[in-house]
Protein chains: 2
Amino acid sequence: MSEIHLDDLDRNILRLLKKDARLTISELSEQLKKPESTIHFRIKKLQERGVIERYTIILGEQLKPKHLALIVLEVGKPVIEDFLERYISYISSTLSALPGVLFVAKSGEDKIIALVGKNNKDELVKFIEENITSIPNLKHIQIFPITEIKKGEDLTGFLAEV
Amino acid sequence: MSEIHLDDLDRNILRLLKKDARLTISELSEQLKKPESTIHFRIKKLQERGVIERYTIILGEQLKPKHLALIVLEVGKPVIEDFLERYISYISSTLSALPGVLFVAKSGEDKIIALVGKNNKDELVKFIEENITSIPNLKHIQIFPITEIKKGEDLTGFLAEV
């Protein structure tokens, strides 16, 4: 990874594209008061250097799960330490493959964090009962229902499944 | 919100655009083996109905925070119940405005979930000490450092700040 220097123009281009990646060179040129050739060159460089990794879409309300819960699982430490890592990997993969599981991460050596989204509360509760609380050898489960997103609300439309 | 019916073609278009929103009508037409006019019409409809909410960019490695932690704050219940909601709102807004705070949500009545990202571990620890553990009236703080993202890794490049 090469050291990267972004000037104000680069950052402004990135900010605008984050809000709307369909803006044309000419629209960016107008908003940022720079020649189109400059904008074109900068975007090309940002893409080539991988500062812009890729372009994507955010899905709308109809496809966003309405009920989210963050789940923190703590796995009991087995006698044979080596088992723990493999067991955590196994649970993570299994969870990742389930519909409605939007995000899975490992925390420390013995915890798994998962974000689950379903269209209604009953479905969410049922999913947790069937797929989470039934996992063997859990030491502790914490379920944090998400009542309101205060920052990063776009996240749901970004992670939503089609 | 109107009930929505997406057929296989719609879903395939959405899946491809999620991976690369810069695909042209003609590339989509080729991959999905449908006429360009059909693809064009479907995308237009998906946008009009808000199934595609907007287009955005995912930022690359250089701008992704390298160290993430999920933080769960539990606020002590004050004597006057009304205070709790306002206090939670206040903490949420304050946190949301801080650099490196990528996501903030309310959980239940008395908890706040925040995802914080910094470029190195020391910065992350310092940030938590200065901005989180110093918040008054906290009943409980849990910090879950994210060791490895197993699903939804793109999240960091999506939430990263410019």
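## Strand pairing between the chains

T56(A) stands opposite T56(B), a residue of β1(B). Strand β1 of chain A, residues 52-59, pairs with β1(B) in the antiparallel sense over seven bridges. Strands here are DSSP runs of E of at least two residues, helices are runs of H or I of at least four, and both are numbered from the N terminus. Two strands pair if DSSP finds at least two bridges between them.

## Basis of the values

This is a predicted model, in which local features need pLDDT of at least 70 and side-chain atom pairs count only at pLDDT 80 or more, while totals for chains, interfaces and linings use all residues. Residues are numbered from 1 along each chain as its sequence is written, chains are lettered from A and ligands numbered from 1 in the order written, and side-chain values use heavy atoms, without hydrogens and water.

## Extent of the interface

In chain B, 63 residues are in contact with 63 residues of chain A, contact being heavy atoms within 4.5 Å. The two chains bury about 6,000 Å² between them, 59% of it on carbon and sulfur atoms. Buried area is the accessible area (1.4 Å probe) lost by two parts on being put together, summed over both.

## Salt bridges

The rule finds six salt bridges across the interface of chain B and chain A. A salt bridge is a side-chain nitrogen of Lys or Arg within 4 Å of a carboxyl oxygen of Asp or Glu. K151(A) and E161(B) meet in a salt bridge through their side chains, at 3.7 Å from N to O.
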